[in-house]
Amino acid sequence: MAHTAPPAGPIELQQTGKRDALKAIERQCQQRWADEHLFEVDAPPPGEAANQPKWFGNFPYPYMNGSLHLGHAFTISKIEFEAGYQRMLGKRVLFPHAFHCTGMPIKASSDKIIREMELFGEDFERFAEAAAEEAPEPPANVKNAANTAVDKGKKGKVAAKATGHTYQFQIMESIGVPRAEIKKFADPQYWLHYFPPIAKADNNAFGSRIDWRRSFITTDTNPYYDSFVRWQINKLHDLGKIKFGERYTIYSPKDGQPCMDHDRQEGEALGPQEYTCVKMEVVQFSDAAKDLIDKVGGRKIFLVAATLRPETMYGQTNCFVGTAIKYGVFAGKDNEAYVCTYRAARNMAFQGISETAGKVTQLAEIEGTKLIGSKIKAPFGIHPEVYVLPMDNVLATKGTGVVTSVPSDSPDDFATLTDLRKKPEFYKIDPAWVAIDPIPVLSTPTYGDMSAPALVKQLKIQSQKDTKQLAEAKELAYKEGFYAGTMLVGEYKGLPVQEAKTKVRASMTEKGLAFAYAEPEGFVLSRSADECVVALMDQWYLDYGEAKWKAQAEKLLARMNTFGNETRHSFEGTLAWLNQWACARSYGLGSKLPWDPQFLVESLSDSTIYMSYYTVAHLLQGGVVDGSKTGPLGITPDQLTDEVWEYLFCDGPWPKAATVSKEKVDIMKNEFNYFYPLDVRSSGKDLIPNHLTFAIYNHATIFPEEKWPLGMRTNGHLMLNGKKMSKSTGNSLTLRDAVDKFGADAARLTLADAGDGIEDANFDEKNANANILRVHTLIDWCQEMFKDDSNMRHGPAKSYHDLIFENEINELISITKEHYDAMCFKDAMKFGFYEMQQARDWYREVTSDIGMHADLVKYWIRTSTLLITPIAPHFAEHIWTSVLKEPKSVQLARWPSVSRPIDRAVLEAGTYMRGTVKMIRDSELNMLKRLSKSKSAPFDPKKPKSVHIYVATKFPEWQDQCVQLVQDAYDAKKDKVDDQKVRELLTSRGLMKDKRAMPFVQAFKKRIAQFGAQTAFKRSLPFSEANVLKELLPYLIKSLNLVDADVWSVEDALKKSEAGFSKLIIEAAEPGTPAFEFRNV
């Protein structure tokens, strides 16, 4: 039997002893933190807040239809790490976590389970029998796959295969739900109580510093949150931000309601794309298509072409259809029939275009090839009648599948027309059908009157098969035409294209020659596995994009920290295009629209300002997530009127009719005023086009400016082992999987190392596995150092190496703090964890002859523990309490202060030492290579040897001259060296002929770029090179196995005439770059 290769996926751990030991430590730490309620934080009493700084960080509450995955953990970690750091600065840190349940996914999944129970039984016991009876499906016809309507009955399976499962009950089993329990999920409410405790337990196992008293679920199941949403929505309505009217929206016919981003399996952030649909009446069908006339019941038949450029219709020369596409003839209003794709007709059915609203009535079907040669009218065309021609590149998935051709301005049209004219016999067309030449319609400064032919020639496009170049040409032509074009023909001749476009469209529509049409910008699939359309419908919508509101949002963004230009630019781009957003639906879970309770508030509209609710949730709900019990203040949901919320959050007047005491609400108001505004909201970058920008809009209009968010940061998606996470391929980990597999701290260290930018990050399991050993080894070493310090020095730390080590620790404290301040955790760990250990390793090695100093080792252990506390708190807690014997938790510790001011000269001396050792080792290795290739060498590294080290106190004169002329050519304001001036100075000062000069100048310019001009021009060391080398000699002799080593100044060495002092080597020394001369002894 053949064996198949295992699927690519997570690695398997061979040894788990060390991991299990670390996990035991982690459980002890977590229990202590819970017992001591360390993460529960309250505002100080009124009047005491001024001297007690706060930090409030949060992330988008996860949806409760499954366990948290590693991507959730990555986003959570950004707030989690920063929360740990901010605690160390002495701030009251609030990190809450709630559970999102609003929207379609839970209800849709519940409905699936109900259907599957009907099919297979209450416990799905008939599933195996049903599966056996199911006939295998034939392979898809690739050629026609995109051109035919999708079978709705199969679509659920196709969508489900993204997870590797066909049915919802299988998905439930795959995430650990016992089959016997699955039937309970037929009730949507069961989800709301099943998954939140799992999310809480997983976070606790991760070591998250969360105040769980402030947790809640959304929807009207929670009456407290429901009243909060009611106030928010009512306020937006009263402010005129929520409106009612007819507008295009992405819509699911199956669900019978708009399909917003969170309701989609595919197509998030895609919106409606509006077209002008040009009605081209058939004058005479081709012989192959004549029988259509008898199938439409006397209706007028039109080919309908969707265009984004109605202003160019004057230049129509023909019409294109796809040769591989099957078209339908569909019933329209007023006894008309439209030839287009089924997909387009389905969109039209929900836009008031088809004969019956919401219904597609197909009268006939015809292959595109049979339409070729038909004569049709060309509305607004200079040539009133044109022919239907074939085109290879027509897409059935975009527009109507019918393309009106304007070859003067469309590169695709021009390239295809050229192909047809060259080979009419090949394409089986009459040359008379392509007799009309391209017609100038508009003029542009760059491409003249015929943009398409000009671009086809410029980009060397040979045929319609050059799709890549044609796409580039199309973009160039359309941009130039729209922004710089002027009309040459028609009633709007002389007008800019930007003005003419809407006028031509309106004129065509008024005359019945065109109609407005819209479709999704791309493929959108709902959670219920329905391909969505664009519907024109009356609905409640948030008027995002309205000028005054948009200006408020832009003002908020301008003053908000985005932790990177990429995120800021993404926000700016979203604000530029975002407009009206449907905020109500009729299917799913949520809070009812207060003034129109047949609708629910959709999931991206009830989640824009809930961060403010965190500040009071613990007082209202007391940690009971569904609000089924009253909280510590004893306030009931019915007492929370809109007026009470307005007083609480927006300083509105106290309502006289309030049934709750003002004193109780003032307690909540104190919490809100202390913790708000939020300091940081962290999220995946995919939420910028919707949730995060909605949060900006809503905060800008609901709250006063002093309560606007201070910061939002975003991260990329998280890959696993360099590949996209996917359940179907097995390359997937949940948060719990990661903690169980590697332990919390190893997983946390790996998440920190994954990256902090907006680009996609990577969780490397090999790195996580290595972190287990790294942490375990470090614990052992710390314990060993405290257990027996007899091998270490005591008393005053007088060694020069002690001084360097202490300065390096202090420097790393400062550098690490800067990175935590910037929420750059990869770099914080690099300096605060890895480079701290490198500094210790060097110190241990370089002091091997005299031993490390006990006080400095303990200082290092204490400092290292604190620097990594935000990221690896379990390790830190264990060292802090078990090794350092601190009575209080490390979660209460403060950020370390430096033991003394940092001495830059000492730090540079330490860097110099390491560099010198490497240079000497490299020099010896080079000599070994020379020996292997040649019998002659200055010395034999394998025999006893010594080394002279030559130290220069000044640079060669020619170098000083070069540096001076570079400085003379340097412009401080521009921070740039004038290369032309450098060449002139080299020539005038007689250095151009010196072959050493130009390479030196180029290298020196690189030094300016690397270290800055001030440092580069200074060209002097802040320490005595000779003295530092003398401190290093004992280590050099031991580590390089030397008989002896000595340090010579260049001046003194040049005076020596005996063997072993080579002038060429001596003169190679420069300040900061000593020369080495080995000799056998």
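Helices here are DSSP runs of H or I with at least four residues, strands are DSSP runs of E with at least two, and both are numbered from the N terminus. This is a predicted model, in which local features need pLDDT of at least 70 and side-chain atom pairs count only at pLDDT 80 or more, while totals for chains, interfaces and linings use all residues. Residues are numbered from 1 along each chain as its sequence is written, and side-chain values use heavy atoms, with hydrogens and water left out.

**Stop 1: helix 13**

Select residues 451–458, which make up helix 13. Its buried residues (under 20% relative accessible area with a 1.4 Å probe, protein chains only; over 50% is exposed, and partly exposed lies in between) are S451, A452, P453, L455 and V456. Then step to K460, which follows helix 13 and has a positive phi, near 55°.

**Stop 2: the domains**

Colour 272–520 as domain 1, 788–905 as domain 2 and 935–1080 as domain 3; these bounds come from an automatic or database domain assignment. The centres of domain 2 and domain 3, taken over C-alpha atoms, are 34 Å apart.

**Stop 3: where domain 2 meets domain 3**

Eight residues of domain 2 are in contact with eight of domain 3. The two domains bury about 740 Å² between them, with 62% of it on carbon and sulfur atoms; buried area is the accessible area (1.4 Å probe) that two parts lose on being put together, summed over both. Select Y800, H801 and A905: in domain 2 these lose the most area to domain 3, together 51% of what that side buries.

Between these domains there are three residue pairs in polar contact, both residues at pLDDT 80 or more. A polar contact is a pair of N or O atoms within 3.5 Å; within protein, one must be able to donate a hydrogen and the other to accept it, and residues adjacent in sequence count only if both atoms are side-chain atoms. On the domain 2 side, helix 25 (800–821) and helix 26 (825–846) each supply at least two of the residues that touch domain 3. Helix 26 gives the most, with three residues.

**Stop 4: salt bridges elsewhere**

The whole structure holds 59 salt bridges. Select R585 and D263, whose closest N and O atoms are 1.9 Å apart.

Move to D753 and K826, joined by a salt bridge at 3.2 Å, N to O. D753 belongs to helix 23 (744–754) and K826 to helix 26, 73 residues apart. D753 is partly exposed at 21% relative accessible area, and K826 is partly exposed at 35%.

Next, select R914 and E808, which form a salt bridge at 2.6 Å, N to O. R914 lies in helix 29 (904–933) and E808 in helix 25, so the pair ties together parts 106 residues apart in sequence. R914 is partly exposed at 27%, whereas E808 is buried at 9%.

Finish with E40, D42, D211, R213, R214 and E671, which are linked in a network of salt bridges.

Methods
Contact = heavy atoms within 4.5 Å. Salt bridge = Lys/Arg side-chain N within 4 Å of Asp/Glu carboxyl O.
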